[in-house]
Amino acid sequence: MKRKTKFGIAFASLAVGVLALSGCTSSFCSTTDKAHMLAAFDNGVTKFYNADDTSKPTEGCYELKLDGVSNIWFSYSFAYNNGGLTKTMETAQKNNVYYLANDCEYWANLDLVIVENAIKESKRTISSVDEMSALLTDYGYLRFSSTTEDNKLWDNWSSYTYQAETNYHKYSNDGMYGMEYDVSKLPTSDFIKIYKATMEGAINNYRGCITTNTGKYGYFGWDTLKTPVEIEAKSYQYGWSKGFFEGLLVYPIGALIDVMCNAFIGLGNGLYGTNGWAQLLTIVLVTLIVRVFMFAVSFKSTLNNAKMTELQPQLAKIQAKYPNANTNQSEKARMADEMNKLYKKNHINPFSSLLVMIVQFPIFICVWGALIGSAWLSTGQFLGMNFTDSISSILFNGSNWANGSAWTALVLFILMSGAQVVSMLLPQWMQKRKQKKVAKLGKNPAQTQQNRTMKIVTYVMMIMIIFMGFTLASAMGVYWFIGALISILQTLVTQAIISHQSKEKR
């Protein structure tokens with residue numbers, strides 16, 4: 001096979017691996033979680049004032065007429081919105097539907113419908129502007145959520161918008177807003193489609209919903225107007241409902257992250273752990289726990305690899321006896337027989353590393369799913385860097401260089417990449433040093449081809465990890481950096497033990 005073909009296959013494997021990884025675990029975000037996220041991207045167009053508040057607008061401000069509410073006035077403006085409608089109108093204008101839905105009064109009516117339903121839902125008695133504003137903030141998610149058995153996003157939208165349109169007709173005809181009802185100012189179906197697509201596009205990449213305690217997590221909203229939102233607690237049974245590996249490993253690891261972050265929450269006096277130290281320490285400890293488990297699983301394989309490195313002089317001698325093994329099947333069979341006898345004599349299974357990889361890959365996928373799915377890791381920022389943001393997205397955002405988060409991400413990427421290169425090439429470097437003893441025996445074409453194949457595999461895996469560390473959540477960068485340091489230490493210790501045992505045998 002030509003070298004170009006090999007590299008083509010290698011990079012194709014890299015791309016397939018990344019794509020497969022990105023869809024291997026299910027999102028733990030519930031419909032209610034997503035509704036809360038959407039509410040952060042559209043917080044309405046309405047502000048409330050006390051009747052005697054001198055700061056309320058002199059024009060465009062109206063008394064709120066709802067049961068159980070008195071002496072509260074409201075005004076409305078697109079300027080009050082957190083961006084959802086603004087972004088939608090920008091997109092709609094490009095698609096020539098902007099002018100059909102530029103009516104703030106309709107959206108103000110939708111806010112009032114939310115408040116009216118929130119009062120019924122919460123059974124509150126509203127006596128202050130703060131309480132009224134809190135209703136719109138705390139219950140704004142209702143328009144996006146569901147009260148049906150289907151439990152699908154936007155299920156409530158139809159009934160809420162129907163109420164808003166009914167109120168629009170009523171209040172406009174009654175002259176409440178000093179105008180007559182104009183159907184052309186209601187949002188069209190095309191505008192609503194753009195609105196829904198814009199809003200869903202804003203939350204599609206968020207997966208940080210694994211938590212054992214209901215609370216406010218993450219950062220949601222357009223541009224700098226970001227705020228945490230309420231995320232529901234998830235149970236072990238909920239994890240199993242998402243899939244086999246989600247219940248077996250993703251949720252338990254995510255729950256462990258949650259418990260640890262809660263335990264370390266006060267580190268650095270960060271409010272709710274927002275300084276990121278609790279999250280960083282949690283990732284380090286989770287990596288250690290996972291790697292200890294993986295070491296227990298792969299110890300025999302690691303020992304085999306170390307023994308094989310020690311046997312390189314003997315293997316080279318066997319290979320030198322059969323210089324034509326690459327083309328002569330008889331020589332190839334005799335060489336393989338002698339090598340197998342050597343492996344058997346030293347209790348080595350050359351295929352054990354393959355079996356270990358089969359076990360390690362799903363564990364790695366589940367760790368990745370837990371790290372990006374953790375609600376706590378989506379909350380803290382370490383030196384400005386959010387652990388659920390990818391290193392690439394941080395570096396390619398110009399504003400991040402000013403606030404320092406891009407420098408943090410860059411240092412992490414350099415450290416992670418360097419550690420990965422050393423950890424993956426260290427065994428080859430040590431093996432090459434040992435093979436110097438048998439360099440005079442000449443080259444064996446079969447072994448040369450095998451070494452080339454192993455190098456290609458190693459380089460592809462190394463490039464894959466570095467590439468994924470660049471494109472996936474920065475939490476994975478920390479995980480791979482700590483894991484690489486552990487691998488380096490593990491390689492050095494294992495080689496030292498094997499070398500000591502070899503000296504004792506002599």
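Reader: Is Trp154 buried or exposed, judging by its relative accessible area?
Author: Happy to start there, and bear in mind that this is a predicted model. Trp154 is found in the loop between helix 5 (129-139) and helix 6 (157-173), and it has a positive phi of about 75° although it is not a glycine. Buried means under 20% relative accessible area. Trp154 has a value of 7%, so the word for Trp154 is buried.

Reader: And Leu383, which also has a positive phi: is it buried or exposed?
Author: Leu383 sits in the loop between strand 6 (381-382) and strand 7 (385-386). Its phi is about 50°, although Leu383 is not a glycine. The cut-off for exposed is over 50%. With a relative accessible area of 55%, Leu383 is therefore exposed.

Reader: Let's turn to salt bridges. Which residue meets Asp33 in a salt bridge?
Author: Four salt bridges are counted in the model. In this one, the side chains come to 2.7 Å, N to O. The pair links distant parts of the chain, with Asp33 in helix 2 and its partner in the loop between strand 5 (227-231) and helix 8, 201 residues apart. Both residues are buried, and the partner of Asp33 is Lys234.

Reader: Over the face of which ring does Lys234 lie?
Author: A charge counts as sitting over a ring if NZ of Lys is within 6 Å of the ring centre. Lys234 lies at 6.0 Å from the ring centre. The ring in question belongs to a member of an aromatic cluster that also includes Phe28 and Tyr251. That residue is Tyr238.

Reader: How far apart in the chain are Arg143 and Asp42?
Author: Their side chains meet in a salt bridge at 3.6 Å, N to O. Arg143 is in the loop between helix 5 and helix 6, while Asp42 is in the loop between helix 2 and strand 1 (46-50). Arg143 and Asp42 are both buried.

Reader: Why are Lys341 and Asp337 separated by about one helical turn?
Author: Lys341 forms a salt bridge with Asp337, with 3.5 Å between the closest N and O atoms. Lys341 is exposed, at 56% relative accessible area, and Asp337 is partly exposed, at 39%. Both lie in helix 12 (residues 329-345), and the separation is about one helical turn because they are four residues apart.

Reader: Which helix supplies the largest share of the nonpolar patch?
Author: The patch on the surface is formed by Tyr236, Trp240, Phe244, Phe245 and Leu248, with about 500 Å² of accessible area together. Helix 8 (236-242) and helix 9 (244-263) each supply at least two of its residues. One member, Leu248, is partly exposed, with a relative accessible area of 38%. The largest share, three residues, comes from helix 9.

Reader: Leaving aside neighbours within four places in sequence, which residues is His36 in contact with?
Author: His36 lies in helix 2 (residues 31-41). It counts as buried because its relative accessibility is 11%. Contact here means heavy atoms within 4.5 Å. Beyond those neighbours, the contacts of His36 are Asp138, Tyr141, Val229 and Glu230.

Reader: Finally, what percentage of the residues of the chain count as buried?
Author: The chain holds 18 helices and seven strands. Its accessible surface comes to about 26,100 Å², of which 58% belongs to carbon and sulfur atoms. Of its 506 residues, the share that count as buried is 47%.

Conventions: Residues are numbered from 1 along each chain as its sequence is written. This is a predicted model: local features need pLDDT of at least 70, side-chain atom pairs count only at pLDDT 80 or more; totals for chains, interfaces and linings use all residues. Side-chain values use heavy atoms; hydrogens and water are left out. Rings of Phe, Tyr and Trp (its six-membered ring) pair if their centres lie within 6.5 Å; planes under 30 degrees apart count as stacked, over 60 as edge-to-face and the rest as tilted. A charge sits over a ring if NZ of Lys or CZ of Arg is within 6 Å of the ring centre and within 35 degrees of the ring normal. Patches are made of residues with over 30% relative accessible area and no salt bridge: like charges are joined within 9 Å, nonpolar side chains (Val, Leu, Ile, Met, Phe, Trp, Tyr) within 5 Å. Accessible areas come from the Shrake-Rupley method with a 1.4 Å probe; for residues, only the protein chains shown count as cover. Buried means under 20% relative accessible area, exposed over 50%, partly exposed in between (1.4 Å probe, protein chains only).
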